[in-house]
Amino acid sequence: MRAAMADAPVGDDVYGDDPTVNRLQRVVAERFGFETSLFFPSGTQSNLAALMAHCGRGDEYIVGQDAHTYKYEQGGAAVLASIQPQPLEHEPHGGIAVERIAAAIKPDDLHFARTRLLALENTMGGRVLPISYLHDVTNFAHAHGLCTHLDGARVFNAIVKLDLDPRTAVAGFDSVSVCLSKGLGAPAGSVLLGSHEVIAAARRWRKALGGGMRQAGILAAAGLYALEHNVERLTEDHANAAFLAEGLRDLGLQVEPPQTNILYVDIPVRHVQALTEHLLQRGIRASITPRTRLVTHLDVSRAEIDAALEAFREYPDWS
Ligand SMILES: Cc1ncc(COP(=O)(O)O)c(C=O)c1O
């Protein structure tokens with residue numbers, strides 16, 4: 001990946017002149033069956049620019065309570081774009097029930113914000129949203145005049161898990177944000193997919209949000225390398241997550257079985273502090289909480305997972 005970055009031909013991407021960025025945008029758009037796409041430094045910015053492309057000031061987007069765009073991006077849609085979020089409870093599969101969405105769409109009345117967009121996330125906390133659900137919910141949204149956005153930061157985990165054609169995985173969405181960092185291992189970068197119209201609007205917002213980069217081909221080359229070399233191997237991360245879950249379950253801990261590369265383990269509150277310190281003494285820095293999230297990725301080997309499990313096993317007393 002480093003060699004590909006060093007060798008990348010570059011230009012000024014603010015003017016659309018970087019050949020490697022342009023190649024990445026073509027490759028990703030083609031792979032997912034979209035008209036076009038746009039390279040961003042981060043998933044946060046790509047999601048926000050998409051929301052801004054679909055919604056204006058005083059518009060509303062429907063989103064899950066635990067969705068990244070709502071909960072983990074400092075409320076950027078509200079803070080920076082004057083878009084009101086309408087957060088709703090998730091279903092066990094990670095989506096939002098169609099009936100719940102139906103009840104949340106505001107009538108055309110000057111008391112209300114205008115409901116414009118449905119935003120979903122796949123995978124959602126490591127869960128893969130069922131394709132039949134995505135089909136139904138995006139049809140429903142469009143029939144009710146809403147646009148649809150997918151935060152596909154980990155959409156490749158869903159694709160690999162269900163052995164899907166990428167086009168099938170994102171069918172029904174008007175825009176999709178795909179991350180090249182995280183599981184795919186690029187140092188930075190996300191790609192927003194959409195129509196020419198949506199991407200033209202997102203390109204304007206990207207500049208306003210400070211995401212116009214110049215010789216960005218260096219980063220795009222890392223993304224192209226990641227797409228070529230690091231997608232199929234996501235199955236290893238999934239297998240490692242299952243292995244980790246099994247090891248923790250053997251210790252008597254409550255573990256939510258992972259579908260992909262994310263698992264949740266319940267740590268009794270009385271052990272949170274002591275376990276954090278115990279792991280730290282063994283060189284493992286972990287954000288232990290009562291519901292601890294563990295994520296596997298290409299920089300975590302089976303041997304390192306074994307070492308982490310050994311440290312959990314050495315914890316003196318789980319009673
Ligand atoms: C589901 C999801 N969406 C978006 C993001 C934001 O991506 P970034 O950290 O590149 O801004 C993350 C980051 O972890 C994420 O998990």
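**Exercise 1.** In this predicted model, find which strands helix H12 lies across, and the angle at which it runs to S9.

Solution. Start at residues 234-250, which form helix H12. Helix H12 lies across S8, S9 and S10. Its direction is about 10° to S9.

**Exercise 2.** Work out the order of the strands in the open sheet and name its edge strands.

Solution. Step 1: strands S8 and S9 run antiparallel and are joined by three bridges. Within this pair, valine 255 stands opposite valine 265 of S9. Step 2: S9 (residues 262-266) pairs with S10 over five bridges, again in the antiparallel sense. Here isoleucine 262 has valine 295 of S10 as its bridge partner. Step 3: put together, the three strands give an open sheet with the order S8-S9-S10. S8 (254-256) and S10 are the edge strands, since each pairs on one side only. From one strand to the next, the twist averages 25°.

**Exercise 3.** Sort the side chains of strand S10 by the face they point to.

Solution. In a regular strand, side chains alternate between the two faces of the sheet. Strand S10 covers residues 291-295. Thr292 and Leu294 point to one face and are buried.

**Exercise 4.** Locate serine 181 and decide whether it is buried or exposed.

Solution. Step 1: serine 181 sits in the loop between strand S6 (175-179) and strand S7 (190-194). Step 2: its relative accessible area is 15%. The cut-off for buried is under 20%, so serine 181 counts as buried. Step 3: leaving aside residues up to four places away in sequence, serine 181 touches Ala186, Pro187, Ala188 and Gly189.

Notes. Residues are numbered from 1 along each chain as its sequence is written. This is a predicted model: local features need pLDDT of at least 70, side-chain atom pairs count only at pLDDT 80 or more; totals for chains, interfaces and linings use all residues. Side-chain values use heavy atoms; hydrogens and water are left out. Buried means under 20% relative accessible area, exposed over 50%, partly exposed in between (1.4 Å probe, protein chains only). Helices (H or I, at least four residues) and strands (E, at least two) are DSSP runs, numbered from the N terminus. Two strands pair if DSSP finds at least two bridges between them. Axes are lines fitted to C-alpha atoms, for helices over the stretch in contact, and angles run from 0 to 180 degrees between N-to-C directions. Contact means heavy atoms within 4.5 Å.
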